[in-house]
Amino acid sequence: MTFRGGIHTPEEKDRTKGLPIQTAPLPPKVVIPLSQHSGAVCEPVVNKGDVVKKGQKIGEGKGPVTSTIHSSLSGKVVDISPHPHPFGSSVLSVVIESDGKDEWTPVLKENEDYLSFDTQKLKEIVREAGIVGLGGAQFPTHVKLSPPDGNGIEYVILNGAECEPFVTSDHRLMVEKSSEIIEGLNIIIKILSAKKGFIGIEKNKPDAISTFNSQLSRPTIVGTPNSQLEVVDLNIKYPQGSEKQLIKSIVNREVPADKLPVDIGVVVNNVGTAYAVYEAVRYGKPLIERVITITGNGVKEPRNLLVRIGTSFDFLIQNCGGFAGEPEKVIMGGPMMGIAQYTLDVPVIKGTSGIVVFLKESTSPHPSLQRRGLRGDEYLPCIRCGRCIDSCPMGISPNLYGLYAERGMIEGGRDFIDEAQKWDVMDCIECGICSYVCPSNRPLVQFIKYLKSEVKKKTKNGKR
Amino acid sequence: MEKDKKSEIQLLLTPPPHIKAEESVRGLMSSVIIALIPTTITGIYFFGIPSIVTIFVAAVSSILFEFFYQKIVRKENTISDSSAALTGLLLGLNLPAGFPWWGTVIGSFIAIVVVKHLFGGLGFNIFNPALAARVFLLISWPLQMSTYPKPASIFSGLVPAGIKQGVDAVTAATPLTVVKTIQLSHDLSRSIETATKISWFDLLIGNRGGSIGEVSVIALLVGGIYLIYKRTITWHIPLSFILTTAFFSTIAHLVNPDTTANPVFHLLNGGLFLGAFFMATDYVTSPITKKGMVIFGIGCGFLTVVIRQHGSYPEGVSFAILLMNMTAPLIDKYLRQRKFGG
Ligand code: SF4
Ligand code: SF4
């Protein structure tokens, strides 16, 4: 089973897929943004000058969809002000200088008897631990684990596809922490009273697949019977790790266009999220660190590192031997959907799966443009080659969005926006494939983002 | 010190994706040009020096027209995307060897300036430029366009001189023309059966009258398969086009064996293979979805047979493709692919 469309990108995972996770050294300071989740931004609950411990809560959000934020080291709050955020803007952040002692806050407590906890208590722990989707979406996990009444959840899927090129953080976590991930899955299944759990892993990670399989072949003592858990090896195809495509590949159900996975009885979590759930429930640990891959031809010693949230990119790249030459691009996340950074002062956040560094001349995207001496951002008209349409995993029409956006921008016509909406532009998951395959080098994803924002503006105005 | 070094770093800020497939417009156009090499060579082999002249004039004048047009209207110059060169080559291959050079230049003008650029340039033209130019020439200069030199190897000493030496010993009617003449004359003493008795071998290698690039089925197949293998095109249009032509010509032959040629004759003659693999598959003027491509190919095949049987021209491939070009936008509009979850 698989989904329609998709592409094979170069994998580029060899640099780091065999390297065990190392713990990054204690940074001298961390910058912790108060928004690392979708939903309401947190309010700081500490003041400048306060002494904080590792794991102490420093930010809390109000409203149904939000999360909590904790200090990732012990030390002193030296500043609370806007700082560069890897998403591009400035975000209110808590700056903490390390006291070098790295002490845990005393309020955390281990729960050896967590199996006896009821659903409500488990959800509360997940919420308090500030756990969000670690695959990149950063959706608050406790919200995902509280489906609206009447939505019975049949399947829980753990996403271990890791289809972004270069990145291997989930891969290493799966190889090294498989039993913890399975426990995390058990907890999630219990919270949702689901029938079955799947762990989906792309076939290019055979060691992770066999580790899970051997774990599951042992009899369980407590928790979900292993017969209800299944490892699924997935085709190596981008975007296999995209939620809707993953569900299609594993349980052969399609999430309807304007619906969510819960509407068809499925909940998907990243494997890293399941690990964080286990750590929170079993050891009381809030989400203050995560595994990331630092890689690309631009770093001297690529690594998989366990890093504290708030550590600066600069500190981590230095820790990997520094740049291997003149860097051109530093990307948070993988090269397909990751975000290019303008400064190295940005911190690692909960959704950071990796830092990819490209050297000058290595990302220039288009051989033909290069030969013509054009810059990478120049593009040609659509030649209707159909490549974008063939590869689009959502089955929509990227070529048209390019045309509509161009006309909309130049002629300012509103009807092009309507037309784009009729042609399902809002279904786009921004996977980047259309831009990747286009021989005319058309920035289709950008065009789509423009159209989406125009559609949103229009519907907002319409409602008023 | 450290700080200073860091702030000097200029990082490139571009939106995702940050990597890109190798393919480029020029690469795609070039692979079509490469795929045309076998049929260009067989064409030159059979039709000699005049065919070289025709192809050369077509290609160079197409490139020049694009260059000067863009100069005049002050548009960015795009000849380096190779699409004008490809159009020129295709036009040359669609003409009879020895076609007057000034006619070829007019053809290039029609293809590049009128059909391509006046319709908005690369990506916006409705008609296949080379084919539209060919049809324009066919209507304007029917005699010259249907004067096909007899094929002869350039090594055999019989160099066809085309138009210059008059329309006698060195020219030959194409097999399809012979059939059409018989059909139109209703002279059943010349039976179609004997007229279509040409050795399959000759038809396959291209030893027959016709446009420079259309005669050798083998060479066209090699090029076409190369394009499919390189994923420059897909099988949908060529296969549906050829199979549909086979299907309807079989039916026509079964119904009217006396007045119609057999299906094998239909497949191996005329411009079917050149049309199916190289003309109908033009991205810009054919549908964009796979479903649409199949419909398009079926339409082309059907119209080809209809025109060959009932039209006043012996050959219908060019007209069929041009007619279907007009339907491509409609096909795209009504044959959307199924969206995920929809
Ligand atoms: S970015 Fe959107 S339109 Fe482009 S391929 Fe992905 S889903 Fe399709
Ligand atoms: S890939 Fe680019 S050139 Fe091809 S159809 Fe899509 S937008 Fe047009």
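A salt bridge is a side-chain nitrogen of Lys or Arg within 4 Å of a carboxyl oxygen of Asp or Glu. Glu23(B) and Arg387(A) form such a pair, with their closest N and O atoms 2.7 Å apart. The structure described here is a predicted model. By the rule above, the count over all chains comes to 35 salt bridges. The points below take up some of these pairs, then a ligand site, a helix contact and some backbone details.

- Glu23(B) counts as partly exposed, at 28% relative accessibility.
- Arg387(A) has a relative accessible area of 12% and is buried, because buried means under 20%.

**Salt bridges within chain A**

- Arg282(A) and Glu110(A) meet through their side chains in a salt bridge of 3.4 Å, N to O.
- Arg282(A) belongs to helix α7 (residues 271–283) of chain A, while Glu110(A) belongs to the loop between β8 (90–98) and α1 (119–128) of chain A, so the pair ties together parts that are 172 residues apart in sequence.
- Arg282(A) counts as buried at 14% relative accessibility, whereas Glu110(A) is exposed, with a relative accessible area of 51%.
- A salt bridge also links the side chains of Glu12(A) and Arg15(A), at 3.2 Å from N to O.
- Glu12(A) is partly exposed, with a relative accessible area of 35%, and Arg15(A) is partly exposed as well, with 31%.

**Ligand 2**

- Residues from chains A and B surround ligand 2, so the site is shared between chains.
- Among the residues around ligand 2 are Cys382(A), Cys385(A), Cys388(A) and Cys438(A).
- Ile288(B) is also one of the residues around this ligand.
- The shell around ligand 2 divides into eight nonpolar, two polar and two charged residues.
- Arg384(A) and Arg442(A) are among the residues of this shell.

**Helix contact in chain B**

- Helix α3 (residues 37–47) and helix α4 (residues 49–72) of chain B have axes that come within 6 Å and cross at roughly 135 degrees.
- That angle makes α3(B) oblique to α4(B).
- From α3(B), the residues Thr40(B), Gly43(B), Ile44(B) and Phe47(B) meet Ile49(B), Pro50(B), Ser51(B), Ile52(B) and Ile55(B) in α4(B).
- The residues of this contact divide into six nonpolar, three polar and no charged.

**Backbone details**

- Most residues other than glycine have a negative phi, and most peptide bonds are trans.
- The peptide bond that joins Tyr238(A) and Pro239(A) is cis, with omega about -5 degrees.
- Pro239(A) is found in the loop between β11 (229–234) and α6 (243–251) of chain A.
- In chain B, a cis peptide bond runs from Pro16(B) to Pro17(B), with omega near -5 degrees.
- Pro17(B) is found in the loop between α1 and α2 of chain B.
- Ser193(A), a residue other than glycine, has a positive phi near 35 degrees.
- Ser193(A) is in the loop between α4 (178–192) and β10 (196–202) of chain A, and at 61% relative accessibility Ser193(A) counts as exposed.
- Asp424(A) also has a positive phi, near 65 degrees.
- Asp424(A) lies in the loop between α12 (415–422) and α13 (433–437) of chain A, and is buried, with a relative accessible area of 17%.

Terms used. Residues are numbered from 1 along each chain as its sequence is written. Chains are lettered from A and ligands numbered from 1 in the order in which they are written. This is a predicted model: local features need pLDDT of at least 70, side-chain atom pairs count only at pLDDT 80 or more; totals for chains, interfaces and linings use all residues. Side-chain values use heavy atoms; hydrogens and water are left out. A residue is near a molecule or strand if one of its heavy atoms lies within 4 Å of it. Ala, Val, Leu, Ile, Met, Phe, Trp, Tyr, Cys and Pro count as nonpolar, Asp, Glu, Lys and Arg as charged, and the others, Gly among them, as polar. Axes are lines fitted to C-alpha atoms, for helices over the stretch in contact, and angles run from 0 to 180 degrees between N-to-C directions. Helices (H or I, at least four residues) and strands (E, at least two) are DSSP runs, numbered from the N terminus. Angles under 35 degrees count as roughly parallel, over 145 as roughly antiparallel, 65 to 115 as roughly perpendicular and the rest as oblique. Contact means heavy atoms within 4.5 Å. Buried means under 20% relative accessible area, exposed over 50%, partly exposed in between (1.4 Å probe, protein chains only).
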